[in-house]
Amino acid sequence: MKTNGRIQELLSIRCLNDIEYGHRVIWPLLDYLGVPGDARRPQFQIESPFTTGLLKLDYLIHVGDIPMVTIEGEPRAAQFNEGYRQARNYSRNFKPRQRDCAMREMTVPFLVVAAGERAEMHRAVARGLNIEYEPLLSDGKPAFLDWQELLGEAARIPVFGAPDPRLRRLAAEEIGFRISESQQVLKADAATQFFGDLYAAIDSGAALHDMDDKKIILFNQIVALARHGKTRKIETACRKAGLAARVVKKVTDALSWYERKIEANEFSGAAVARGYRNFLIQPGGRGAPSNFSGTTQHRPVLHRGRIRYREVARYFTPTEVIQQMVRLADPKSAERVIDMTCGSGGFLAECLDRVAQTEGDRKARDFLTKRLVGTDDDPFCVSCSREMLTLMYPDCAEDVHVYLHNCLYRRAPAGGEQKEDADAERHLAPGRYDVVIGNPPGNDEYSGSNRDEVVRRWEEWFGHHRGGLMDHHCFIRRAVELAKPDGGRICLLLPEGLLARDNRGIFDLRHQLLRDCELRAVISLPRVFKNNNAKMAVVYLARNPKWNRRRRVLMASVEMHWSDEDGDEHETDLVAALETLVDRYHSTVEPANSHLAPGEGLVDAPPPATSDDE
Ligand SMILES: C[S@@+](CC[C@H](N)C(=O)[O-])C[C@H]1O[C@@H](n2cnc3c(N)ncnc32)[C@H](O)[C@@H]1O
């Protein structure tokens, strides 16, 4: 590793802008580390995690088709944190889109940030569900791997699967390559590849065409059987699900490529759960098929005792947005937490992971089995969420509280659109939760199941459904109702319309929210879903009708683009901006409220109407 004075000499060169800094500092630094010219790719294009556009890394260093280091360079030291966050987000979400340059899609193992006279090299490490980057140090000083050392690191990275079927045999041998416990980052990438290969096999037959729930339930069943070493039963499960012999063979072939990994019990734990989530929410984006997300997904509906499939829109929340919302709401192991529209389980998994990281595994298990709850009315989503949590703690599989249930009521109507899980009822009592978190649907008309029942209950609870039945109205009110009346936190990703519009009773809704809850933060975001233009905002509230009107509130807006000093426009790094805002909330906004006594509230109002009290 290199740490010596030549690096400091280079970093002390003053530069006016990025281009000059690139030429006079970064390029000579790479020379000094011995990186050959043909291993450096300036302005390397990757897919934006949020839009269909492309982003450019300042530089990518690669060994053959293995991306090894992303580099972000900024002329001023004050830009270090910004550059670091950018490099980290690009490295975690590395989807190469550079023409004429084959590069693997994987977590980039190293990054370099150089800003003014400060430069550091960081290595990717798995922290539970997430990938973090840790600085390389030698005697307490920033250290840098040279080219020979990078070659050594690249040699330890196995190939997972091969896109060319003719290379499958080779890939099978390589996949057998054991990933050590210290290579958790690779484990997540290998898991994504495994899930992708297995799904491709199941999806190659016509039997389950458009039946997302059946496909994913079979998929999850196969993963569970493989994890328990019951490979024989897999064929039976496939045949029972109606797969043709040819497709069953493809499934067993795909499993055989990963046999050694499965036998070595490498397919559980947080890194694998990360791989599972990556598989669920990707591919998608440019040119890649979108398996489960988008406007034409399918879910079953019971109609006169028969199952029919209905087209639905299904959008998963980007992991990085979930992470920051979980940081904002900061759930603890002793708290009851619900995501009432849990989708693929991203919020549940991040809440669990946060508890594991901050309080340890024992508390996390306790939290998972006693206080963490998810509901969703789409069987596909329930199956995914359960699998996600099970992968994180396989020994708790029987005690995971994720239910197929419409969250807007406690007791399902007779003859409804699906058979809901009655075990959910005790978890849907009003005033039960310390934290209600998630991303409920945000359509102009109620989009969930059993509409008639929701209308009926709504009139019973609120005396009207003025302005029609918008998703906003239903899910926000229900979130407030589920939160504890004395401080239950509500952190939701909502369409901007709630904040900006003034029609269909939204004005009343806003007024009621401010009557019953203290507003803590509103963060407007640019577009966050790849395949949907909706503009969203994070809204953070705490149920407390006696809130103090002098409270400080974080009000922020993240714009899609920003302009530098030269007037050049850049796409905002949404994740970095959101992370900075959440830091600011915890370090500045909330401490400034700590001296305030409880206030009198906005109006002298009775507590909100509740229903179904236990
Ligand atoms: C925007 S998605 C949430 C995405 C989720 N946070 C994720 O990342 O996977 C909204 C979810 O709400 C569910 N949903 C819609 N109406 C519902 C209802 N009435 N009760 C429970 N879940 C509902 C949908 O099935 C969908 O999974």
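Student: Which residue in β18 does isoleucine 523 stand opposite?

Tutor: This is a predicted model. In it, strand β16 (residues 517-524) pairs with β18 in the parallel sense, over four bridges. Isoleucine 523 has its opposite residue in β18, and that is alanine 556.

Student: Which helix lies across β16 and β18?

Tutor: The helix covers residues 574-589. Its run makes about 165° to β18. The name is α20.

Student: Which strands are at the edges of the open sheet of eight strands?

Tutor: The order is β13-β12-β11-β14-β15-β17-β16-β18, with mixed pairing. Neighbouring strands there are turned by 20° against each other on average, direction ignored. An edge strand pairs on one side only. The edge strands are β13 and β18 (554-557).

Student: What angle does the direction of α12 make with that of β15?

Tutor: Helix α12 packs on this sheet. The strands touched are β14 (435-438), β15 (489-495), β16 and β17 (536-543). With the direction of β15, α12 makes about 150°.

Student: How many residues of α12 are buried?

Tutor: Helix α12 spans residues 319-329 and is mostly covered. Among the buried ones are Thr319, Glu320, Val326 and Leu328.

Student: What is the bridge partner of isoleucine 338 in β12?

Tutor: Strand β11 (residues 337-339) and β12 run parallel, joined by three bridges. Isoleucine 338 has its bridge partner in β12. The partner is valine 373.

Student: And which residue in β13 does threonine 375 stand opposite?

Tutor: β12 also runs parallel to strand β13 (residues 401-404). Four bridges join these two strands. Opposite threonine 375 stands tyrosine 403.

Student: Which helix and strand each supply at least two residues of the shell around the ligand?

Tutor: The ligand is surrounded by 22 residues. The closest are Thr341, Gly343, Ser344, Asp378 and Gly448. By class, the shell has eight nonpolar, eleven polar and three charged residues. At least two each come from α13 (346-359) and β12 (372-376).

Student: Why is one side of β1 and of β6 left without a neighbour in the sheet?

Tutor: These strands belong to an open sheet of six, ordered β1-β2-β3-β4-β5-β6, with mixed pairing. β1 (40-47) and β6 (130-135) stand at the edges, so one side of each has no neighbour in the sheet. The reason is that each has a single partner strand.

Student: How much are neighbouring strands of the six-stranded sheet turned against each other on average?

Tutor: The sheet is open, with six strands. Direction is ignored in the angle between neighbours. The average is 35°.

Student: Which residue in β3 does isoleucine 61 stand opposite?

Tutor: Strand β2 (residues 54-63) pairs with strand β3 (residues 66-74) in the antiparallel sense, over five bridges. Helix α4 (residues 147-155) packs on the sheet, touching β2 and β3. The residue opposite isoleucine 61 is valine 69.

Student: Is aspartate 139 buried or exposed?

Tutor: Aspartate 139 lies in the loop between β7 (137-138) and β8 (141-142). Its phi is positive, near 50°. Aspartate 139 has 6, so it is exposed.

Student: Is aspartate 210 buried or exposed?

Tutor: Aspartate 210 is in the loop between α6 (184-203) and α7 (212-227). Its phi is near 65°, a positive value. With 12 other C-beta atoms within 10 Å, aspartate 210 is exposed.

Student: What is the mean pLDDT of the protein?

Tutor: pLDDT stays under 50 over residues 162-176. Over residues 603-614 it is below 50. Still, 89% of the residues reach 70 or more. The mean is 86.

Notes
Residues are numbered from 1 along each chain as its sequence is written. This is a predicted model: local features need pLDDT of at least 70, side-chain atom pairs count only at pLDDT 80 or more; totals for chains, interfaces and linings use all residues. Two strands pair if DSSP finds at least two bridges between them. Axes are lines fitted to C-alpha atoms, for helices over the stretch in contact, and angles run from 0 to 180 degrees between N-to-C directions. Two residues are in contact if their C-beta atoms, placed from the backbone, lie within 7 Å. A residue is near a molecule or strand if its C-beta atom, placed from the backbone, lies within 6 Å of it. Ala, Val, Leu, Ile, Met, Phe, Trp, Tyr, Cys and Pro count as nonpolar, Asp, Glu, Lys and Arg as charged, and the others, Gly among them, as polar. pLDDT is the predictor's confidence in each residue, from 0 to 100. A residue is buried if 20 or more other C-beta atoms lie within 10 Å of its own, exposed if 12 or fewer, and partly exposed in between; C-beta atoms are placed from the backbone.
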